[in-house]
Amino acid sequence: MAVPDAAAYPAVDQVIWEMERTGSGHYLHIGAALEFEGPPPRLDAVREHVLRRSAGLPQAADGGTALRDRVRELRLAPGAKPYDALLDAPVPGVGRPWGVWLVHGHEPGRHLLAYRGHHGLHDGVSMARLLPVLFGAEERTGEVGTDRPAATGRPAVPPLTARLPAQARQAAASLRLFLPPPRTALTPGPRAGRRVLSTASVSVDLLRSTARRLGCSVLDVHLSALSRTAQRTDRTGWTTELGRPRGIAVPVSLARTGRDPYPGNRFSVVLLDVPYDEPDLARRARLLSRQTRRCREPATRWALGDALGRLGVAGTRAVSDRIFARTGVQTTVLTTSADLGFAGRPAVRLTGLNCLPADFPYQPVLALWRDEAVCSFTADASVPDAAVLAGHWREAVDVLVRDAGGAGAARAG
């Protein structure tokens, strides 16, 4: 299969690949799991399905591990935790790891179909576009690259009057990275090197209505709830370090619109200042929205992409290191509206599976699909609150719903 275009930001890909080679305990796989009701399919049926759909995957033609070997099975004992086992399952493929898993046995009448791939192969937006290729109701077996406006991956060039202010703001934000970073450690002890997942869910409509009442976005509601989670689980005092607060890092997609998955990573990272000293979560969400609103502007996205394209590998690594040194937690939002299922059976839940760089004790992703939003935290097993992180997030969302004058409550995952 011919891939029509190279990665738009190859330096980003190389930096991500190099992270794993440092031996620093980085866990760099991202993915998603679909939950199904009913008996699990045969493994051979899943393999044949992936083979049929593989022409639409930009990472399929890698000349490495055979496609059939990339589809694995996890049979768990009753009561076992399927997501924890999935996160620690070895990913097939030498040099370009990715795979599909059939997970079952943990609970009668339930099973998972999951995809996991190395972050060096693609970013979260491309991964979201992979899901309909692999598990969409619509057969899409053609080669990638049919959405030609998205082929280059770079944001469209805005007018000069918009570019200059955006570049000035980007330069000012970059200067802050030269200030001394925080000193307080994020965790009280060493990492375990094993991962656990905690989840909580809430109605998408409830998140959206809360965001509307607060005059912000769903991302801002998520960030405000996440900042309270960080405070509630802070064992070292990093959220209260005077003069050197750690922020929340979020990726800003630099890919154009389209529905095809693409090779490589097309995003920049923005560090948001978090007003931890603001006790009102609703006001905190509004304060965060002043920063995220600018990130959605076309001129800002262009300026981020222009700066990233000029850095090269060494520059990209240096900027990433400086951002991570000032970050307490990194998060993203995964969104898809596709009908997802397998062999005519619809999935009942979509759960994101985030990576976990060694810089952080946990890393959440908020997955929006159909009428349910699932917040899932990939955490190192050494984190004292690893199993209840999503519960704290859920409680904070309830507070935001109440303060916004809404009704309803989040649900435990």
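Modeller: A residue counts as buried when its relative accessible area is under 20%, as exposed when it is over 50%, and as partly exposed in between, with a 1.4 Å probe and protein chains only. The model is predicted, so local features need a pLDDT of at least 70 and side-chain atom pairs count only at pLDDT 80 or more, while totals for chains, interfaces and linings use all residues. Residues are numbered from 1 along each chain as its sequence is written, and side-chain values use heavy atoms, with hydrogens and water left out.

Side chains of opposite charge can pair when their charged atoms come close. A salt bridge is defined here as a side-chain nitrogen of Lys or Arg within 4 Å of a carboxyl oxygen of Asp or Glu. By this criterion, the whole structure contains 15 salt bridges. Helices (H or I, at least four residues) and strands (E, at least two) are DSSP runs, numbered from the N terminus.

One of these bridges joins Glu18 to Arg317, with an N to O distance of 2.6 Å. Glu18 belongs to helix α1 (residues 10–21) and Arg317 to helix α9 (residues 298–325), so that the pair links distant parts of the chain, 299 residues apart. Both ends are partly exposed: Glu18 has a relative accessibility of 22%, and Arg317 one of 31%.

Arg235 and Asp385 form another salt bridge, their closest N and O atoms lying 3.3 Å apart. Arg235 is in the loop between α7 (218–232) and β6 (247–253), and Asp385 is in the loop between β14 (372–380) and α10 (389–403); the pair therefore ties together parts that are 150 residues apart in sequence. Asp385 is buried, at a relative accessible area of 10%.

A further bridge connects Glu372 with Arg349, at 2.8 Å between the closest N and O atoms. It spans 23 residues, from Arg349 in strand β12 (residues 349–353) to Glu372 in strand β14. Glu372 and Arg349 are both buried. The setting of Arg349 can be followed along its strand: 5 of the 5 residues of β12 are buried, so the strand is largely enclosed by the rest of the structure. On one side of β12 lie Arg349, Thr351 and Leu353, and on the other Leu350 and Gly352. Two strands pair if DSSP finds at least two bridges between them; strand β1 (residues 29–37) runs antiparallel to β12 and is joined to it by 5 bridges. Glu35 has Arg349 as its bridge partner in β12.

Salt bridges also form a network, which links Asp44, Arg47, Glu48 and Arg68.

Contact means heavy atoms within 4.5 Å; axes are lines fitted to C-alpha atoms, for helices over the stretch in contact, and angles run from 0 to 180 degrees between N-to-C directions. Helix α9 lies across β6, β7 and β8, at about 65° to β7. Helix α7 lies across these strands too, at about 150° to β6. The 3 strands form an open sheet of mixed pairing, in the order β7-β6-β8. At its edges stand β7 (267–272) and β8 (327–330), each with a single partner strand, so one side of each has no neighbour in the sheet. The average twist from one strand to the next is 35°.
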